[in-house]
Amino acid sequence: MWQFSALLLFFLPGCCTAQDSVTGPEEVSGQEQGSLTVQCRYSSYWKGYKKYWCRGVPQRSCDILVETDKSEQLVKKNRVSIRDNQRDFIFTVTMEDLRMSDAGIYWCGITKGGPDPMFKVNVNIDQAPKSSMMTTTATVLKSIQPSAENTGKEQVTQSKEVTQSRPHTRSLLSSIYFLLMVFVELPLLLSMLSAVLWVTRPQRCFGRGENDLVKTHSPVA
């Protein structure tokens, strides 16, 4: 009877060992300045439990870097994110902007009362090739130079536009001055001419009338 009870207890959900409750890759690698992804599988019994990713030894006092909230929502903290897929019973951890100091011992864990089910993952970080770093620097410098050239071209274009606009401005001023000459000085000249003609005309008429009177009233010899 006790053998049947022990067998039944073994097959009950949640009664398996911690290592059998959650599994994952024993070792993963990522490149400096890149990212890496770790997938941890768990049994269906732990579907509604919190899952986490922690670092350090011993495992019971490791530092939890990020933890789910019992849902499938993505949770991100600093450079680490975690998402729980409760349909496939997998939670995925992503580490971004990797640094050489990120190498070490990590754990896939599930929060519960008592000892947590945990799985050990060894994370290795490979140093980024120097050529790629030099290429990145060259790309940044190249992206800066065209902006300076464009600025110079914009300044030359603006100066040309200013230079081209000056002849038009001078031509407009000349036209305005000519119109002022026509509408202001021309009437003044005409007025002066009319005044001169008006003054000289009566004098000539008065002279002619006086001579005619002399001729008319002169005695006959």
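Trainee: How is the model numbered, and which elements run from the N terminus on?

Mentor: Residues are counted from 1 along each chain as its sequence is written, and because this is a predicted model, local features need pLDDT of at least 70 and side-chain atom pairs count only at pLDDT 80 or more, while totals for chains, interfaces and linings use all residues. Side-chain values rest on heavy atoms, with hydrogens and water left out. Helices (DSSP runs of H or I, at least four residues) and strands (runs of E, at least two) are numbered from the N terminus, and the protein has three helices and ten strands. In order, the elements run α-α-β-β-β-β-β-β-β-β-β-β-α.

Trainee: How many disulfides are there, and what is the pairing of the bonded cysteines in sequence order?

Mentor: A disulfide is taken here as a pair of cysteine sulfur atoms within 2.5 Å, and by this rule the count comes to two. Cys40 and Cys108 form a disulfide with sulfur atoms 1.8 Å apart, and another joins Cys54 to Cys62 with an S to S distance of 2.1 Å. With the bonded cysteines numbered in sequence order, the pairing is 1-4, 2-3.

Trainee: Is the disulfide of Cys54 and Cys62 left-handed or right-handed?

Mentor: Cys54 is buried with a relative accessible area of 0%, and Cys62 is buried with 15%. The torsion about the S-S bond of Cys54 and Cys62 is about -75°, so this disulfide is left-handed.

Trainee: Which residues touch the most other members of the largest nonpolar core, and which elements each supply at least two of its residues?

Mentor: A nonpolar core is a set of buried Ala, Val, Leu, Ile, Met, Phe, Trp, Tyr and Cys residues joined through side-chain atoms within 4.5 Å. The largest has 22 residues, of which Leu36, Trp53, Phe91, Cys108 and Val123 touch the most other members. The elements that each supply at least two residues of this core are S3, strand S7 (80-85), strand S8 (90-95), S9 and strand S10 (118-126).

Trainee: How are the rings of Trp53 and Tyr106 arranged: stacked, tilted or edge-to-face?

Mentor: Rings of Phe, Tyr and Trp (its six-membered ring) pair if their centres lie within 6.5 Å, with planes under 30 degrees apart counted as stacked, over 60 as edge-to-face and the rest as tilted, and by this rule there are six aromatic pairs. Trp53 in strand S4 (residues 51-55) and Tyr106 in strand S9 are 53 residues apart, and their pair links distant parts of the chain. Trp53 is buried at 0%, and Tyr106 is buried at 1%. The ring centres of Trp53 and Tyr106 are 5.2 Å apart and the planes lie at 10°, so the pair is stacked.

Trainee: The charged end of which residue sits over the ring of Tyr42?

Mentor: Tyr42 forms one aromatic cluster with Phe89 and Phe91. A charge sits over a ring if NZ of Lys or CZ of Arg is within 6 Å of the ring centre and within 35 degrees of the ring normal. At 4.2 Å from the centre of the Tyr42 ring, the charged end that sits over it belongs to Lys51.

Trainee: Which backbone oxygens lie by polar atoms of the side chain of Gln86?

Mentor: Gln86 is in the loop between S7 and S8 and counts as buried, at 14% relative accessibility. Polar contacts are pairs of N or O atoms within 3.5 Å, where within protein one must be able to donate a hydrogen and the other to accept it, and residues adjacent in sequence count only if both atoms are side-chain atoms. For the side chain of Gln86, the backbone oxygen at 3.4 Å from a polar atom is that of Lys47, and the backbone oxygen at 3.0 Å is that of Lys70.

How values were computed. Buried < 20%, exposed > 50% of the residue type's maximum accessible area, 1.4 Å probe, protein only.
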